[in-house]
Amino acid sequence: MTESAATEQALIDQFLVSVQELPDVHVESNGVEIATAAGDRLDAKIHLNVAGKSIILLVEAKKAVYPRDVRQVLWQFKVLRQPPHADEQPLLIAESLSPGAKELLRNERVGYYDSGGSLFLPASGAYVYIDKPPPKTLEKSVRSLFSGRRAQVVHALLVRHQDWFGVTEVAEQAQVAPSTASDVLSQLDRFDWLVSRGQGPSKERHLREPGALLDAWAKQLAALRAPALRRYYVPGLKSDALIERLGQVLDAHQVGYAVSYEAAAQRYAPFLSGISQVRTRLLPNADADVAIAELDARVVSEGSNLAVIEVKSAGELLFRQQVGGVWLASPIQVYLDLLRGEGRAKEMAEHLRRERIGF
């Protein structure tokens, strides 16, 4: 048995165990037919009895399924069900199913099961829907898109969401290796968030669903701990004057920085009547320490009016914009930061997204 066939067999066995734990559901005697040859049109045929009703499951088993893969599966099931029978129900069993793939399958009333325990069985007279968190393999795959250098690629795509782009171009914009950019684009292709044109080295892509990609990034960040802040109090300066002075001092010492959170959002799309604290992303080094000292900033545990988030690389400051002589984090970064803020930060995030980001 090949590794692929063994994986499919294990998934089918796991499904059989899970489905028989449901009330009034059992597999009929001799009711499991497993494919024995590569030419078989189905991976399995399972005869179920659900609350006295007989259902034949036409099973396809795959390792990982994304929206792009669903179209092929739907066509395959359509061919297999000619002519269609009322007691037959197509079922896709996979180690992992992306949320978009699940949605497409539900819309077409095609059943599915994944190794995380999610189950959708829309058979006539026997409807079952169990939604569980995605398997760790899928979670890890998605999470990796929005961390480190791969996140820089996603950031570049969102900033240039209206453009067509090639791998080399994206890599240059995101300041990553072409192999990293290619990996991210391939992953986004699987989620059906990109459209393509051309072939080979001249192949170009366009971001089909920038809003969905931004939502996915925000969802991943929501599960992470907010970044650590170094809190300071700078005497004698209110927020507007503090931002101006901060920009002057950091620029004078050639320190990489980008103001974010409420202070940046207020400059991009005014929303609040006043800002009590300035938060900035900053690339730490000896020059940064000198600049902070020049501000006469004192470390405090409460009552701060300046907060510093130390970034690990210049890539985390990509796509910053100079507004009024001060470097602001990109609207995308500010939006994501605000979602993890306190008070009215989330309201401000939605205002910024609506007024400045636009998707």
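Biologist: Before we start, what should I keep in mind about the numbering and the model?

Modeller: Residues count from 1 along each chain as its sequence is written, and side-chain values use heavy atoms, with hydrogens and water left out. As the model is predicted, local features need pLDDT of at least 70 and side-chain atom pairs 80 or more, while totals for chains, interfaces and linings use all residues.

Biologist: Where do domain 2 and domain 3 lie in the chain?

Modeller: Domain 2 covers 146–223 and domain 3 covers 229–357; such bounds come from an automatic or database domain assignment.

Biologist: What makes residues part of the contact?

Modeller: They need heavy atoms within 4.5 Å of the other side. Domain 2 gives 14 residues and domain 3 gives 13.

Biologist: Why is Asp215 with Arg353 called a salt bridge?

Modeller: The rule wants a side-chain nitrogen of Lys or Arg within 4 Å of a carboxyl oxygen of Asp or Glu. Here the closest N and O atoms are 2.8 Å apart, so the pair qualifies.

Biologist: How much area do the two domains bury between them?

Modeller: About 1200 Å², 70% of it on carbon and sulfur atoms. That's the accessible area (1.4 Å probe) that two parts lose on being put together, summed over both. On the domain 2 side, His155, Leu214 and Leu221 supply 45% of the area buried against domain 3, more than any other three residues.
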